[in-house]
Amino acid sequence: MKLAHRMLLQYVVVVLVLDLLIIAIVGQRLEHRLARDTATVPVALDHREAHGIVAEVRTDIALAGAAALVVTVLLTVVFARHVSQPITKLRDMARGLANHDRSIPPAPVSAPGEVGELAVAISQLSVQLDALEKTRRDFVANVSHELRTPLTIVGGFAETLVEDDDVPADNRRQFAKTILDNTRRMQRIVDDLLDLSRIESGGWVPRPVDTDLRGAIAEAAALVRDAAERKGIALTVQVASEASRASLDRTALRQILTNLSENAIRHTPTGGSVTIFTLADRGGVWVGVRDTGEGIAPEHLSRVFERFYRVDTGRSRDSGGTGLGLSIVRHLAEAHGGTTQATSEVGRGTTIRVFFPDRADRSPADR
Ligand SMILES: Nc1ncnc2c1ncn2[C@@H]1O[C@H](COP(=O)(O)OP(=O)(O)O)[C@@H](O)[C@H]1O
Ligand SMILES: [Mg+2]
C-alpha cells in the first residue's frame, strides 16, 4: 500500500474512533445528569424533552466529527502528496543508481526536512558513484595499456625463437634478453599494483615505531648511492637536529625514500645534487628529497601523484619506471595519517616531501 493511502486510512480511523468515543461519553454523561436532576429537583423539564436535548447534542457532535473527517482527509491528501512525491522520485533515483541507469538524473528534489536531506545524500552518492566508476574504467584501461606493449614484445620475440631455427646465436641471446627485460617490467608493474592494492584495502597497515631518522635515512641513501655515483650526482643527507626522530613504519620510510631518490636521480643531470632531508614542523616531521634537476611544469605537478601519470611516458618506461611510485608514496603517507607535498621549478629542481604526524598511529580524523 502506498504511503499516502496508509496515512489517509490511519487518520480516518483515528478521527472516526475519537468521534464515536466523544459521542458515547458525552451522551452517557448528559443522560446520567438529566436522569439525576429530573429525579431530585422539580425542574421544568420532562423526560421526553431531556432525551430530545441529548439526541440533539449527539447529532451536533456527529456533525462536528464528520466535518473534522472531511478536513482531515483533505489535509492528509495534500500533505501525503507533498511527502510522497519526492519520496517516489528518490525511489526512482535509487533504483536508477542500483541498475547503473543514469537516464534518471539526480534531479534536485525540493522537499523540506529529512526527505530533503535524503535527496541531497542520494545526489551526492550518485556523483561519487560516477567518479568511482570512471576511476575504475580508467584504471582497467591504464593497466591493460601498460601491460600490452611488453606482452606484445615478449610474444613476438618468443614466437621468432620458436619458429625460426636459423636465428644466429648472438641474436638469440639478444631476443632472450629483450624477453627477460620486458618480463621484469611487467613484474614491476604487478608488484607496484599489488602494493597499492594492499595499502588501499587496508591489508597493509603501518607499524609505527619511534625511529632515529639519521640511521634510517643513511640506510635508504646507501641503496641509491651507486646509482647517483654512476651518474655523477652528489647525494647528501641533511637531518635537522630538531627533526631527528619520528614515529613511523621503517619499511614504508625506506620505500618512500628509495622511490623519491630514484626519481630525483633519474631527473637530475650529471653534476647535479640530490639531498635527502628532514624538517621539523608543527605536530610532526617532514622527510623529503630535493634535487637540482629538470623540474616539473605546474600543469604536471598537480598530477604526478596519480597512478600511471608521467610527464614523459616513454622516458619513464625506458628507465624502468611504472608511473606508480609517487602514488605509492602518497598512499604510504596517508596510511600514517600524513600528507605529501611537491614543489618544483622547471630547470631548477624539484622537492617532494612527506609529512609524518607525531602520533602516526592515529588516523587524521582523531587529530
Ligand atoms: N624529482 C623529479 N623531477 C622531475 N620529475 C619528476 C620527479 N619525480 C617524479 N617526476 C615525474 O613524475 C612522474 C611520476 O613519478 P612516479 O610515480 O615515481 O613514476 P615513474 O615510474 O615514472 O618514476 C615521473 O614519470 C616524472 O615525470
Ligand atoms: Mg618513480
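Me: Which helices each supply at least two residues of the shell around ligand 1?
Reply: Helix 6 and helix 9 (325–335) do. Helices (H or I, at least four residues) and strands (E, at least two) are DSSP runs, numbered from the N terminus. This is a predicted model: local features need pLDDT of at least 70, side-chain atom pairs count only at pLDDT 80 or more, and totals for chains, interfaces and linings use all residues. Residues are numbered from 1 along each chain as its sequence is written, while chains are lettered from A and ligands numbered from 1 in the order in which they are written.

Me: How many residues surround ligand 1, and which are the closest?
Reply: The count is 22. Arg310, Val311, Ser316, Gly321 and Gly325 are the closest. To be near, a residue needs its C-beta atom, placed from the backbone, within 6 Å.

Me: How do the residues of that shell divide into nonpolar, polar and charged?
Reply: Eleven are polar, seven nonpolar and four charged. Nonpolar covers Ala, Val, Leu, Ile, Met, Phe, Trp, Tyr, Cys and Pro; charged covers Asp, Glu, Lys and Arg; the others, Gly among them, are polar.

Me: New topic. What is the angle of the kink in helix 5, and where is it centred?
Reply: The angle is about 45°, and the kink is centred on Val224. A bend is the angle between axes fitted to the seven residues ending at a residue and the seven starting there.

Me: Why does the span of helix 5 agree with its 18 residues?
Reply: Helix 5 covers residues 213–230, and at 1.5 Å a residue it should span 26 Å. Its end C-alpha atoms are 26 Å apart, so the two agree. The expected span uses 1.5 Å times one less than the number of residues.

Me: Which residues of helix 5 are buried?
Reply: Leu213, Ala216, Ile217, Ala220, Ala221, Val224 and Ala228. Buried means 20 or more other C-beta atoms within 10 Å of a residue's own, exposed means 12 or fewer, and partly exposed is in between; C-beta atoms are placed from the backbone.

Me: What do the buried residues of helix 5 pack against?
Reply: Their partners include strand 1 (209–212), strand 2 (234–238), helix 6 (250–266) and strand 4 (273–281).

Me: Where is Ser273, and what is it in contact with?
Reply: Ser273 sits in strand 4. Leaving aside neighbours within four places in sequence, it is in contact with Ile233, Ala234, Thr236 and Thr292. Contact means C-beta atoms, placed from the backbone, within 7 Å. The C-alpha atoms of Ser273 and Ala234 are 4.6 Å apart, though 39 residues separate them along the chain.

Me: Is Ser273 buried, exposed or partly exposed?
Reply: Ser273 is partly exposed, because 16 other C-beta atoms lie within 10 Å.

Me: And Leu21, buried or exposed?
Reply: Leu21 is exposed, because it has 11 other C-beta atoms within 10 Å. Leu21 lies in helix 1 (residues 3–40).

Me: What about Phe308: what is its phi?
Reply: Near 65°, a positive value in a residue other than glycine. Most residues other than glycine have a negative phi. Phe308 lies in the loop between helix 7 (298–301) and helix 8 (313–318).

Me: Zoom out. How many helices and strands does the protein chain have?
Reply: Nine helices and seven strands.

Me: What is the radius of gyration of the protein chain?
Reply: It is 39 Å, whereas a compact globule of 367 residues would have one near 21 Å. The radius is taken over C-alpha atoms, and the globule rule is 2.2 Å times the number of residues to the power 0.38.

Note on methods. Contact = placed C-beta atoms within 7 Å.
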